[in-house]
Amino acid sequence: MQNCLTLKKSNCKNCYKCIRHCPVKSIRFSGNQAHIINDECILCGHCFVACPQNAKQIVDETEKVKVMLQSGDPVVVSLAPSFIANYEGVGIAAMREALKKLGFYDVEETAIGATIVKTEYERMLREDNRDVIISSCCHSINLLIQKYFPGCLPYLADVVSPMMAHCQEIKRRIPNVKTVFIGPCVAKKDEADHYKGVTDAVLTFEELTNWLKEENISLKQELDYDNQSRARFFPTTGIELRKEADHEEESRARFFPVTGGVIKTMNKDEQRYTYVAIDGVENCIEALKDIESGKIHNCFIEMNSCAGGCINGPVMEKYRKNPVKDYIAVANYAGKKDFDIAQPDFMSLRKAFSPIERDAAMPSETEIMGILRKMGKFKASQELNCGSCGYNTCREKAIAIYQGKAEASMCLPYLKDKAESFSDSIVRNTPNGLIVLNENLEVQQINAAARKIMNIRAASDVLGEPVVRILDPMIFMNALESRLGIIEQREYLVEYKRYVEQTVIHDKESRLLICIMRDVTREEREREKKESISRQTIEVADKVVDKQMRIVQEIASLLGETAAETKIALSKLKESITNE
């Protein structure tokens with residue numbers, strides 16, 4: 001399978017949006033990066049559309065086509081009928097004119113191939129006596145059946161797609177021609193690569209638009225749906241000329257790109273069949289489950305992976321989503337009859353579909369339970385099945401982990417609980433008191449150490465209450481006003497008879513005030529005790545000095561100068577004791 005979708009690793013932000021939108025979960029994560037699993041991907045393009053970082057890229061074949069144009073062989077475009085929705089007001093004549101300026105030999109509508117395909121569907125219903133027939137126009141649906149519902153392969157119409165039917169018809173008419181399909185689909189690139197020799201290259205509308213911009217080629221606005229008499233043009237080849245037909249007479253197959261468009265173009269003469277159109281991969285999966293279980297009979301089912309049909313394809317320039325407006329554009333451009341084209345022999349339209357094996361081993365129940373336990377899921381009630389990781393259930397996620405497609409860290413509730421458990425453990429076990437206030441000075445959080453300092457029985461007694469109920473709010477008001485915070489300010493909490501050292505920080509992003517309160521009561525008591533001892537020592541020293549001075553005075557007369565020296569020594573002793 002061709003790697004039609006690639007990834008810009010630097011742009012992948014580990015948001016898991018792609019896996020949430022992938023209907024078959026064909027994306028694995030490793031090293032916080034998403035990787036597309038080719039043998040599981042059905043190329044629906046949902047991840048391309050959903051990615052907010054534009055990390056998913058479609059392989060661009062513009063350079064390949066430019067090389068083809070330089071080869072000297074005629075290169076003819078098969079233009080998907082959804083072009084009328086993508087390029088507002090631009091008909092086939094204007095598209096032909098613009099693309100010929102790029103060097104293409106001619107431009108024809110893929111709707112010609114759609115006419116061939118729908119005629120073959122009618123023959124199958126009429127002659128083959130089949131029970132259930134699933135349309136094979138959408139390559140994504142074909143891949144879905146080949147990879148995930150091989151039991152439904154007998155019901156998948158073994159008919160080429162409109163793209164292939166048209167390119168075959170072009171190559172039948174024009175010698176040495178190269179064909180290029182242009183449309184809104186990622187999967188067509190893989191289809192062209194897999195069935196080689198029919199469609200030589202595939203461009204998306206986005207690639208074509210960029211190319212036209214590079215060459216400064218503008219598309220002419222030629223259609224006015226309020227004036228239905230304006231001419232539309234049926235493609236000519238330049239080799240085998242056709243009579244240009246009136247727009248209203250030969251264009252019914254242009255309905256193919258909308259939901260139910262295939263059925264709308266069919267005659268539906270076989271009354272024993274029920275004709276059903278289903279769009280969206282999820283809806284198609286449910287229908288395939290019913291078919292596989294034998295619940296559906298005598299039914300022609302048109303399946304399309306894109307909700308709304310090809311007009312809502314992943315590359316309808318990605319950022320446009322106008323389902324009603326686009327449907328109206330298609331309906332106004334389509335006609336009531338078929339293109340006048342000779343139907344090829346049905347054997348030339350055969351297309352074989354075989355199962356595509358997926359390399360994904362299934363874990364045992366014991367292994368699943370072991371992985372669930374690693375995710376913090378020890379009982380069924382802990383399996384939230386929230387889908388935040390992209391998987392519908394925790395068990396699906398566990399299987400994906402076993403298969404190497406997912407990581408335990410993708411479980412957001414698990415990460416949240418782990419982070420909260422870690423932070424709660426820190427808050428719970430720190431000896432410092434922690435109080436968190438909002439900017440209205442209301443208590444948002446308080447830990448056990450802070451409650452102990454202030455003799456608060458339970459956090460619920462103060463949560464949501466003004467901090468003035470338990471503390472002087474002045475320090476918080478100052479921190480909020482200064483925006484700088486207050487570091488290690490000592491306060492005596494009179495009502496609690498405790499000394500604390502407070503640090504208040506204002507977190508501007510969360511708009512919270514965080515107070516770290518260290519109980520320094522013991523330190524203050526020790527300091528006071530030391531000061532008391534020092535005072536007592538000074539008093540004793542004073543008494544000793546006074547007594548000694550009296551004795552010195554008595555002896556002074558006897559010893560003369562010795563008394564003065566003694567006085568100096570005793571004064572120094574007193575000074576030393578005072579300093580202590």
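Let me begin with a term: by a salt bridge I mean a side-chain nitrogen of Lys or Arg within 4 Å of a carboxyl oxygen of Asp or Glu. What we are looking at is a predicted model, and a search of the whole structure finds 44 such salt bridges.

Take K118 and D338, whose closest N and O atoms are 2.7 Å apart. K118 sits in helix α6, while D338 belongs to the loop between α13 and α14, so this pair ties together parts that are 220 residues apart in sequence. K118 is buried, at a relative accessible area of 1%, whereas D338, at 23%, is partly exposed.

A second pair is R511 with E439, at 3.1 Å from N to O; R511 lies in the loop between β15 and β16 and E439 in the loop between β12 and β13, so parts 72 residues apart in sequence are tied together. Here R511 is exposed, with a relative accessible area of 53%, and E439 is partly exposed, with 23%.

Turning to the sheet, four strands form an open arrangement in the order β6-β5-β8-β9, with parallel pairing. Strands β6 and β9 stand at the edges, each with a single partner strand, so one side of each is left without a neighbour in the sheet. Within it, β5 and β8 pair over five bridges, and V75 has K178 as its bridge partner in β8. Helix α10 packs on this sheet, touching β5, β8 and β9, and its direction makes about 80° with that of β9.

Finally, on confidence, the mean pLDDT is 86, but pLDDT stays under 50 over residues 226-249. Where pLDDT is low, the predicted coordinates should not be read in detail.

Technical notes. Residues are numbered from 1 along each chain as its sequence is written. This is a predicted model: local features need pLDDT of at least 70, side-chain atom pairs count only at pLDDT 80 or more; totals for chains, interfaces and linings use all residues. Side-chain values use heavy atoms; hydrogens and water are left out. Two strands pair if DSSP finds at least two bridges between them. Helices (H or I, at least four residues) and strands (E, at least two) are DSSP runs, numbered from the N terminus. Contact means heavy atoms within 4.5 Å. Axes are lines fitted to C-alpha atoms, for helices over the stretch in contact, and angles run from 0 to 180 degrees between N-to-C directions. pLDDT is the predictor's confidence in each residue, from 0 to 100. Buried means under 20% relative accessible area, exposed over 50%, partly exposed in between (1.4 Å probe, protein chains only).
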